[in-house]
Amino acid sequence: MSDGRTGVAILGSTGSVGENTLDVIARHPDRFHVVALGAHRNAEKLAAQALRFKVPYAALADVAAARRLEDQLRARGAQTRVLAGNGALEEIAALPEVDTVMAAIVGAAGLRSTLAAAQAGKRLLLANKESLVMAGPLLMQMVRSAGAMLLPIDSEHNAVFQCLPRDAAPGVAPPGVKRILLTASGGPFLDTDRARLAHVTPEEACAHPNWVMGRKISVDSATLMNKGLEFIEACLLFGVPPERVEVLIHRESIVHSLVEYVDGSVLAQLGAPDMRTPIAHALAWPERVSSGVQSLDLIKIGSLRFEAPDVRRFPALGLAQEAAREGGLRPASLNAANEVAVAAFLEGGLNFAQIPSVIESVMATTSGGEIRDLDDVLAADAEARARAAFYIRPRALHA
Ligand code: NDP
C-alpha cells in the first residue's frame, strides 16, 4: 500500500479463519488495510464485512449471490467493486494493491486462488491446507520461482515454522532438524468406542473440544484426517520425509507442535488454542503484534499429556500417511475422496465410520503418478470424486 500499510486480501473471509483474520486486523488499523474480501455465496456476511472495513473489492464465486451483494452494497452507498465467479477470487488474489493474501477458503475450491497468490509473488498466509495437499510440488515451485513468501496458518505448522531457523527456505529442511512432532487434540471421539462411531451425528462431530472451526475441518479433526492432511502438509512445507514426522495426541491443545534437532534439543511453541495467534504471527512476521488472545495460564492447566494415535480406530490418519509416502497424485486423490465423504456425512448420506472406508475404497481403485501440471491434479481430483460418489451411493447408513 502506498500509505505504508500492508494491503490484505482475505479469501474465505466469511469463514472461521476469515473472521479471526478480520478480528486481528481490526486491532491494527494503522498497520493493515483490507483491500479485498472473497467467499462463496454468503452475500449478507460479506456485505457487512465490506461495509465495516470499507473494502475496495469484494468477490463471490456464486454469481447470483454476487448480484445480491452488489445490491446490498449499492443500497448502503458503498463504493466497493463487486466481482463474480470463480475467476474473481484469482483476480483479487493477484491485485497490485494486495501485499498479503490470506488463503482461507475450505477445500479444493481454494486451489486456483491460492496458486494465483503464489504466482503473483504475494506473502501467502496458507490456511487452505487442501491446496497444498493436492498440488504441493506445484505450489512450492510457484512460491520459489515467483519469490512469494509462504507462512503457514495451521496452528501446528505455524508452530513448527516458529521453531525453525528464521532463514529456512520453503520446502527445504534446515540442517540439524531431526524430526517434526505434530500434535493433535484427538477430536471429540478420542475415547468413544469403535461401535458407537457409526452412530455419531454431524453435530457431535462438529463439537470440537478445544477449537471453534468450520464444519469440514471439524469433521476432519474427528476422523483424524485433519492430522493426516497436516502430515502431508508438513512434509511439503518443511522438506522432511514422512519417516521424520511423528503425530502425537495431545488432548490439551497447548503445545501446538515441536521440532527435534540432532543435538537432542526439542523446541516447541505453546499458546492458548486460538487461531488469532498464528494469524497475527503470519500477518506481522517477522515482527509481533497483539492478537487479542488470552495469556497462557500453565498453573491452571496443570499438566500436559501426550499419547500415540490409534490408527486402527482412526484409519484416516494411516491412509493419509500412506499417501504421503507414495507422493505424486496420491494425496490429491485422498483429499478429493475425503471431501466427498465428509460432505455426504454432513448431509446425512453416510455414517461417520464409513468416511475412512470410502476413502480406502477410492485409494484402492485409483492409481497415482507424477504431478506434471495442474491438469494432472484436476484429473486425479475428478476421478477420485467420481469414485467416492460411486462408493457412497449403495451404502446403507448404519451398515
Ligand atoms: P469455514 O467453513 O468456516 O469457511 C469456509 C470459507 O470458504 C467461507 O468463507 C466460504 O464462503 C468459503 N468457500 C467455500 N466454498 C467456496 C467456493 N467454492 N469458492 C469460494 N469460497 C468458498 O472454514 P474454516 O475457516 O474453518 O477453514 C478454512 C480453511 O482453513 C480450511 O482449509 C481449513 O482446513 C483451514 N484451517 C481452519 C482452521 C480453523 O480454525 N477453522 C484451523 C487451521 C486450518 P461462504 O461463507 O460464502 O460459503
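In the predicted model, helix H14 (residues 330-346) and helix H16 (residues 374-392) have axes that come within 8 Å and cross at roughly 40 degrees, where axes are lines fitted to C-alpha atoms, for helices over the stretch in contact, and angles run from 0 to 180 degrees between N-to-C directions. H14 is therefore oblique to H16, given that angles under 35 degrees count as roughly parallel, over 145 as roughly antiparallel, 65 to 115 as roughly perpendicular and the rest as oblique. The crossing of H14 past H16 is right-handed, a crossing being right-handed if the near helix is turned clockwise from the far one by less than a right angle, and left-handed if anticlockwise. Helices (H or I, at least four residues) are DSSP runs numbered from the N terminus. Residues are numbered from 1 along each chain as its sequence is written. Local features need pLDDT of at least 70 and side-chain atom pairs count only at pLDDT 80 or more, whereas totals for chains, interfaces and linings use all residues, and side-chain values use heavy atoms, with hydrogens and water left out.

Helix H7 (residues 155-163) packs against helix H10 (residues 225-238) at an angle of about 30 degrees, the two axes being 10 Å apart. H7 is therefore roughly parallel to H10, and their crossing is right-handed. In the loop between helix H9 (215-223) and H10 lies leucine 224, which has a positive phi of about 75 degrees although it is not a glycine. A further backbone feature is the cis peptide bond that joins tryptophan 285 and proline 286, with omega about 5 degrees; proline 286 is placed in the loop between helix H11 (276-284) and helix H12 (298-301).

The ligand is surrounded by 25 residues, of which Thr14, Arg41, Asn42, Glu130 and Gly214 are the closest; a residue is near if one of its heavy atoms lies within 4 Å of the molecule. Polar contacts (pairs of N or O atoms within 3.5 Å) include one between an oxygen atom of the ligand and a polar backbone atom of histidine 40, at 3.0 Å. A polar backbone atom of valine 106 is 3.3 Å from an oxygen atom of the ligand, and a backbone N or O atom of alanine 127 lies 3.4 Å from a ligand oxygen atom. The protein covers 87% of the 910 Å² of accessible area that the ligand has on its own, with areas from the Shrake-Rupley method and a 1.4 Å probe. Helix H1 (16-26) and helix H6 (129-146) are the elements that give two or more residues to the shell.

Definitions and conventions
Polar contact = N/O pair within 3.5 Å; in protein donor to acceptor, adjacent residues only side chain to side chain.
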